Each structure stands twice: as structure tokens, then as C-alpha cells.
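Look at the model first, then work through the points below.

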Amino acid sequence: MIDSKPILFSAVQPSGQLTLGNYIGTIRHWSKMQDDYECLYCIADLHALTTLNNQTFLNESILDTIALYLACGIDPNKSIIFIQSHVVQHCQLNWILNCFSNFSELFRMTQFKSKKNNNTINQTNLGIFTYPILMAADILLYQTNFVPVGKDQKQHLELVRDIANRFNFIYNGIFTVPVPLIHKYGSKIMSLLEPKKKMSKSDKNQNNTIFLLDTEESILLKIKNAITDSEKPAKIYYDIEKKSGISNLLDILSAITNKKISCLEKELEGMRYSEFKNILAITLCNFLSKIKDSYLYYRNNTVYLKEVAYNGSIQARLKADLTLNKIYSKLKFLTIS
Ligand code: TRP
């Protein structure tokens, strides 16, 4: 049977715990997409090496991530769930694409710039620099049509498109040029205490970040302490510039209730910030407790999780080989047999 659905590829790194930001920005959309697209959901363990420290147990984090994918509604009978390092073709294509990318293109990447600034350049590992080319390999290997990404990954996607177009120009249309799918609301959840920066799992201050598996007490406290503003009289409405804290909380509530921001603004009219926070915290706890129960169910079944990853890697490898073989042939690598 020929599968004519468009191909969708996405990945998250298995480092650390998934956050509410990961869920709302990315994973939430994944389960809905399974019927409309042929989906590949990858666990980017090779990418995680760029920020490895001796506290990281990648094997455990990978199992955590698969369990969370399943808990968030990704169905291994509909989608391919696999681990990046299990499909060696990613590294093969990575090298080839390195040779079709420019130093200056990578040097421009804002994510590289922000990571590099904290260290000095000669202490920065090369993986942080070449990271977007491995992303390009991930995506292009599967002739991906769409990549659901948060706004922060948009620049990387642009680079992937540039590389694909460059390669296609020389070698006659080998790659499908992927298009980013960016969701209008809630695609970027911000940090709770510094709502001008993105919510991140690696934030030093854990009060900035809600993790999907946080306890109820912790969620209640983090929301209670989230920064708002001192507008008098206090008013709840969406204004990303002037009211970044309140707007972020509205984004979160909108994502987990599926209600439009304008509708929430009406419902919350006249409320104090503390009342709004209360509603948000309770709604969020209920919402996350369902995911948490399901997560624990899967996480306790390691055999099943490994089976899912094993089956996924077999399917992914078959697809990856199709693209890689075409490229080898275009590059005039010698084939024997
Ligand atoms: N870079 C992404 C992140 O840090 C993870 C990732 C790796 C990815 N490969 C990808 C995302 C390909 C989309 C497509 O979250």
C-alpha cells in the first residue's frame, strides 16, 4: 500500500525532564497529528550529548521520554517512535551535509551564540556548533514535509531548508524541502519568573519551570509565585510586551483548556491576579495528573518501552536507507553488488 499522507518529523532531547513548555509547544500537537500525517517521533539522544554532564543517565532519560510520549497520546501503531542513535544513517547523512554547509551559516545561529557567550569559544564543544546540521540530517533523511517546532527552532529550520535547496540544486531534487508548522498560541511558554525568556528544562532556577511530573504542591507554589505586574487596578488581558507574565499564564490556561485567549479574558474579567492563579493552578494540576498516571503506568513497563523503540528503529532504518542510497548514488560513491 502506498502511504500518501504527508510526512511529519519531530524530536526532543532526552536530557532532563520534559517541561510544560515542551508539552504545550510541541508534544501536545503530536497526538492530534497522527491521523493526518505519517509521523516520526524521534528521541534525539545524539543531540543530548552536546550538554551532557555526569548527572545525566541517558538510558533512564530515554525510557522516561518514551513513556511520556505514550502518556501524551502517541500511538506506536500509528506513528514511528525511535531513538536517534539506533538509526546510524543520521550520522552518515550528518557528515555528508557538513560538507554542504558553511561555517558562517552556523556561526549566525542565535542558539549557538547564546550558548557560546556563557563560555569562551575554546571551551565550547563542537557539537553545540554543528548541532543544526545533525537536525538537518534527522529531518531530510525521511523526506519530511512538515516539522512542528516552537518559534525558537525556526532559524534552525530555515537552515535545514537552505541546505536541502542547495543540495537539490546540485543533485536534482533529492530532498523534500520541509516546512515548519508553528502554532499561533502557546507555541512558546515562557519562564514563570522571567517571562521574557523561554521556559527551559535547564534553567538554574527550578521555580521558572513546570515539569510535567512535578508534584501538585510544587505546581501550586510555582504558579502562586509566578511574576505578574503592578498595573493598578489589576486587569487580566493579553499583552505580550506590557504584561508578559499575565500573558504567559493566559497562554498556559488557553492551551490546557482549549479555550481562546479572548474567551478567557472575558471569563476572568474583574478577577484578582491571585484568583486567576488559583484557577490556573487547579486546572493545571488536574490536567497533569492524568498525564502523570499514564506515564507511571508505561514507565513501569521497561520491556514494553524497549519493544516500542526496537520496532520504531526497524521502520525508521528502512526509510532512512532509501534516502541514503539515493544520495550515495548521486555522489558517485562506489557501490559493490
Ligand atoms: N533541537 C531540538 C531541541 O533541542 C531537538 C531536535 C533534534 C529536533 N532534531 C530535530 C527538533 C529535528 C525538530 C526536528 O529541542
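Helices here are DSSP runs of H or I with at least four residues, strands are E runs with at least two, and both are numbered from the N terminus. By that count, glutamine 89 sits in helix H4, residues 89-98. The model is predicted. The points below start with the ligand, then move to selected helices, loops and backbone features.

**Ligand site**

- Which residues are around the ligand? They are Phe9, Ala11, Gln13, Ala44, His47, Tyr131, Met135, Asp138, Ile139, Val147 and Gln153.
- By class, this shell has 7 nonpolar, 3 polar and 1 charged residues.
- Glutamine 13 places a polar side-chain atom 3.1 Å from a ligand oxygen atom.
- Tyrosine 131 has a side-chain N or O atom 2.5 Å from an oxygen atom of the ligand.
- Aspartate 138 has a polar side-chain atom 2.7 Å from a nitrogen atom of the ligand.
- The ligand taken alone exposes 360 Å², and the protein buries 88% of that.
- Two elements give two or more residues to the shell: strand S1 (7-12) and helix H7 (126-140).
- Helix H7 gives the most, with 4 residues.

- Is glutamine 89 buried or exposed? Glutamine 89 has 7% relative accessibility, and the cut-off for buried is under 20%, so this residue counts as buried.
- Leaving out residues up to four places away in sequence, glutamine 89 touches Leu141, Arg317, Ala320, Asp321 and Leu324.

**Helix H10**

- Helix H10 covers residues 244-257, which is 14 residues. At 1.5 Å a residue, H10 should span 20 Å. The C-alpha atoms at its ends are 20 Å apart, which agrees.
- H10 is mostly covered, with 13 of its 14 residues buried.
- Serine 244 belongs to H10. Its relative accessibility is 14%, so serine 244 counts as buried.
- Beyond residues up to four places away in sequence, serine 244 touches Pro195, Lys196 and Asp239.
- Asparagine 258 follows H10 and has a positive phi, near 60°.

**Loop between helices H9 and H10**

- Isoleucine 227 lies in the loop between helix H9 (216-225) and H10.
- Isoleucine 227 has a relative accessible area of 39% and is therefore partly exposed.
- Not counting residues up to four places away in sequence, isoleucine 227 touches Leu192, Leu193, Pro195 and Gly245.
- How far apart in space are isoleucine 227 and phenylalanine 112? Their C-alpha atoms are 28 Å apart, and the two residues are 115 residues apart in sequence.
- Proline 233 is also placed in the loop between H9 and H10. A cis peptide bond joins lysine 232 to proline 233, with omega about -10°.

**Positive phi at non-glycine residues**

- Glutamine 143 is not a glycine, yet its phi is positive, about 55°.
- Glutamine 143 lies in the loop between H7 and strand S4 (146-148).
- The relative accessible area of glutamine 143 is 16%, so this residue is buried.
- Lysine 332 is not a glycine either, and its phi is positive at about 65°.
- Lysine 332 is in the segment after helix H13 (302-330).
- At 69% relative accessibility, lysine 332 counts as exposed.

How values were computed. Residues are numbered from 1 along each chain as its sequence is written. This is a predicted model: local features need pLDDT of at least 70, side-chain atom pairs count only at pLDDT 80 or more; totals for chains, interfaces and linings use all residues. Side-chain values use heavy atoms; hydrogens and water are left out. A residue is near a molecule or strand if one of its heavy atoms lies within 4 Å of it. A polar contact is a pair of N or O atoms within 3.5 Å; within protein, one must be able to donate a hydrogen and the other to accept it, and residues adjacent in sequence count only if both atoms are side-chain atoms. Accessible areas come from the Shrake-Rupley method with a 1.4 Å probe; for residues, only the protein chains shown count as cover. Ala, Val, Leu, Ile, Met, Phe, Trp, Tyr, Cys and Pro count as nonpolar, Asp, Glu, Lys and Arg as charged, and the others, Gly among them, as polar. Buried means under 20% relative accessible area, exposed over 50%, partly exposed in between (1.4 Å probe, protein chains only). Contact means heavy atoms within 4.5 Å. The expected span of a helix is 1.5 Å times one less than its number of residues.
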